Amino acid sequence: MMHEEGGLPHLPLVVSSPAAWSSALGSPTTFGPVFEDQPLSVLFPEESTEEQVLLACRARASPPATYRWKMNGTEMKLEPGSRHQLVGGNLVIMNPTKAQDAGVYQCLASNPVGTVVSREAILRFGFLQEFSKEERDPVKTHEGWGVMLPCNPPAHYPGLSYRWLLNEFPNFIPTDGRHFVSQTTGNLYIARTNASDLGNYSCLATSHMDFSTKSVFSKFAQLNLAAEDTRLFAPSIKARFPAETYALVGQQVTLECFAFGNPVPRIKWRKVDGSLSPQWTTAEPTLQIPSVSFEDEGTYECEAENSKGRDTVQGRIIVQAQPEWLKVISDTEADIGSNLRWGCAAAGKPRPTVRWLRNGEPLASQNRVEVLAGDLRFSKLSLEDSGMYQCVAENKHGTIYASAELAVQALAPDFRLNPVRRLIPAARGGEIVIPCQPRAAPKAVVLWSKGTEILVNSSRVTVTPDGTLIIRNISRSDEGKYTCFAENFMGKANSTGILSVRDATKITLAPSSADINLGDNLTLQCHASHDPTMDLTFTWTLDDFPIDFDKPGGHYRRTNVKETIGDLTILNAQLRHGGKYTCMAQTVVDSASKEATVLVRGPPGPPGGVVVRDIGDTTIQLSWSRGFDNHSPIAKYTLQARTPPAGKWKQVRTNPANIEGNAETAQVLGLTPWMDYEFRVIASNILGTGEPSGPSSKIRTKEAAPSVAPSGLSGGGGAPGELIVNWTPMSREYQNGDGFGYLLSFRRQGSTHWQTARVPGADAQYFVYSNESVRPYTPFEVKIRSYNRRGEGPESLTALVYSAEEEPRVAPTKVWAKGVSSSEMNVTWEPVQQDMNGILLGYEIRYWKAGDKEAAADRVRTAGLDTSARVSGLHPNTKYHVTVRAYNRAGTGPASPSANATTMKPPPRRPPGNISWTFSSSSLSIKWDPVVPFRNESAVTGYKMLYQNDLHLTPTLHLTSKNWIEIPVPEDIGHALVQIRTTGPGGDGIPAEVHIVRNGGTSMMVENLAVRPAPHPGAIVSHSVVMLILIGSLEL
């Protein structure tokens, strides 16, 4: 049992006693007190309304523990009715006062086994008095100077936190770079005053205790500022951390540093003997180490700096630590008369001292006990040495306890827990080991007998010092009863077992070594003979590690044909299956084993140590070290390269072209200059290709002049006087070096003089040559090459590129326009001849209403060199002006003289009415009332009828100049759908739509509305009760 006290291992030294031994045989367990709850230090506010303080103490023990308490080292009298009450093991202090109750408390827990002492708990009383009632003197300084306002906090315990008010609550002073409130003294510092600092200041001090918070305010002190001093001042550190700061490991450490100065100084921190740890939080005037460690010990420097100078202060952080256990004692059982050594060790700074307690009392050296710092030694233990022991480690920062129970035993030999085995089987010719381990204290003297014969050591029989009997080279004559006799001064005991000799286990067919290829199957045979009265089992190991036959997807299978056969089959052998196989046949009394070696041949392993050297522009020398050949000689190597980060591995050309298996270096050819590469090596043998090596380190080949000409040379377009040349930018793999660009050569076709232009940058893809002498649409011969800082590359083939076109110079002639409907007109013209300004693409027609300005004209272009066009979307009965211009890629040319055209009046807006029809056996006659146009509508020259029956979904169009029409129809037509509309110079009118039904050979009007305007030319709608037939996109 190990126990912790004081936040560190509290190890009750458990020594089993006769009572503990009896527990193993079924009687109740007895053990000394083990703390489960110990008192904690308490900070009690003097003004608290709480009426009591509770210090906890609870220990596990059998029999249960009783409790006592000490205050300041003196045992307390806990009498009924007093202010100090014992509740369970807890101490309750009623109406605590500082004068009577402040001090150090310890709990003592006892039972018949012994006593242990708890850690110390300190009861302290916290308080915060009021500030002095005296008025505070005003503080005067010049504006621009620094100032300190003292807090002068009242008496208090423990420490306080501080804030400052300006004029009224809650107008707190901000924590900016100009103001600083020291949390050490409470003083307020202003690095450089200004007019906004005028006012009355009060210091707010706050005390934080375990379960209460209290704040008090000082009287206000007035800050007055005299005339501004605009001079600049070097920094002067006013709030400075001490020369030495002591801290415990794990505590937060805060160093303060603040300076006066104009301008306001900047604060910097550094550790003189090292760099600041990155996890530190550094607000400007403070350096905070959240959890200090020994590595943080050292000298720190604060520097205040402004444009006028600097000031520094240094101080040392000294880190110390409470005691912490390195080694503790544990519960121990020891035999009477034996020796015992216990040890405790603790770390801490200063180094802790270690002392010992027995049953709560100090233990010093005496007769058989030697106390030497952390060592406790017993000579010839006696029963009275049993009890509870504690080692106590302490320094000025704290005390820790480790506890353990020592149980000294005195027992007559007893075999009840560990008798000699009743039946002891052994193999003929083998060896048997029979332990004799009675429980006894002190240790028993042991004798062995076979039958009535006392055994003594011989060449075959040995009785070891601990009483174990060993018999070698066993034969049938060794069978019989064997008895172990044990004796000490407390008594005697014996235990007997019967030795039975069995036939030895032997391997009758041993596994044979084998040499196989990767992927082969192999069976290793293993047969054995054994004593038939016992079970035989086989186990296999590979290189002394047991083989797991139950592993999912494993390669091993076991033969279960017969108990004496333990063959092992390896399926789809892998390289890892090579090694030493051991078959072991065993019974409960003995075992036999045989070994065989399996060699698995396979493709080579990965080569290692790939190194690149002799780096050129297109070649490198690659070296590697041989990997495992996996028992089949390496036949050849293959080298691969890739361009990181995303390039794929590709085989490279090499010198020599075929790399033999004994090579360890080769030259790589055909690389791209100025390109990043990684390389790897793959080995092959007769059994296949192995895994590749790891990639080499990344290298970059040397630069070289470009070796490929740019492609995609073309051009044209642009502004007048320009020649634009385009090309495809060259990708990174063709640039071959830094400082990449393009060199362009061009000349007017027929000229002998080439002009050149240098275009820097790999991403450049065009060049504009601008010169007033460049005539429009002039052919130029152009060629291009690339360059880098190593030189120029090859030149491309010559391409023909034309300079920019200009607008056509000639206008079309003989423009004629005529309205052909209410929304359309036809326009014709004479074509213009091709000129030198460019290639004509077509003509642009501009048209505008008479009375409008030409700038408002609409435009339509032909897609080719047609000399006529129909313009639609016009207003009816409207006069238009029309001009025509030729256009090319540069724009439109001059306008033709304008022509005029007037669109037709619109068609009548009324559909034909009063439609009737008559079916004959083979025809359909339809009549309607004529449509008479109004004065503002165009004449009616005829009618269009769209007819569709239920046998043919495709409609047919019929024309007539009369107000009736007869069309042939099959006799089996039952339904038809008809649209009728006017036509004339103004176009087609609005259609009327009827649904015709043959019914007993008589005429029949459509139910409800038989004749009406169609809602949309693309849909035919019927209100008839007869099924509606839809026609898609009917356009007359």
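**Disulfides, core and a buried asparagine**

Analyst: In this predicted model, Cys484 has a relative accessibility of 0% and therefore counts as buried, the limit being under 20%. Its disulfide partner is Cys436, with the sulfur atoms 1.8 Å apart.

User: Which parts of the chain does the pair of Cys436 and Cys484 tie together?

Analyst: Cys436 lies in the loop between strand 39 (432-434) and strand 40 (439-441), and Cys484 in strand 45 (residues 480-488), so the pair ties together parts that are 48 residues apart in sequence. The torsion about the S-S bond is about -70°, so this disulfide is left-handed.

User: How many disulfides does the structure hold, and how are the cysteines paired?

Analyst: There are six disulfides. With the bonded cysteines numbered in sequence order, the pairing runs 1-2, 3-4, 5-6, 7-8, 9-10, 11-12. One of the disulfides joins Cys57 to Cys107, and another is formed by Cys257 and Cys302, both of which are buried.

User: Which residues have the most contacts inside the largest nonpolar core?

Analyst: They are Trp325, Trp342, Trp356, Leu376, Phe378 and Leu406, in a core of 24 residues. Strand 36 gives this core its largest share, five residues.

User: Is Asn262 buried or exposed?

Analyst: Asn262 is buried, with a relative accessible area of 6%. Asn262 belongs to strand 23 (residues 253-262). A polar atom of the Asn262 side chain lies 3.0 Å from the backbone oxygen of Arg231. Residues that Asn262 touches include Gly144, Asp229, Phe233 and Lys308.

Note on methods: Residues are numbered from 1 along each chain as its sequence is written. This is a predicted model: local features need pLDDT of at least 70, side-chain atom pairs count only at pLDDT 80 or more; totals for chains, interfaces and linings use all residues. Side-chain values use heavy atoms; hydrogens and water are left out. Helices (H or I, at least four residues) and strands (E, at least two) are DSSP runs, numbered from the N terminus. Buried means under 20% relative accessible area, exposed over 50%, partly exposed in between (1.4 Å probe, protein chains only). A polar contact is a pair of N or O atoms within 3.5 Å; within protein, one must be able to donate a hydrogen and the other to accept it, and residues adjacent in sequence count only if both atoms are side-chain atoms. Contact means heavy atoms within 4.5 Å. A nonpolar core is a set of buried Ala, Val, Leu, Ile, Met, Phe, Trp, Tyr and Cys residues joined through side-chain atoms within 4.5 Å. A disulfide is a pair of cysteine sulfur atoms within 2.5 Å. Lists of a residue's contacts leave out its neighbours within four places in sequence.
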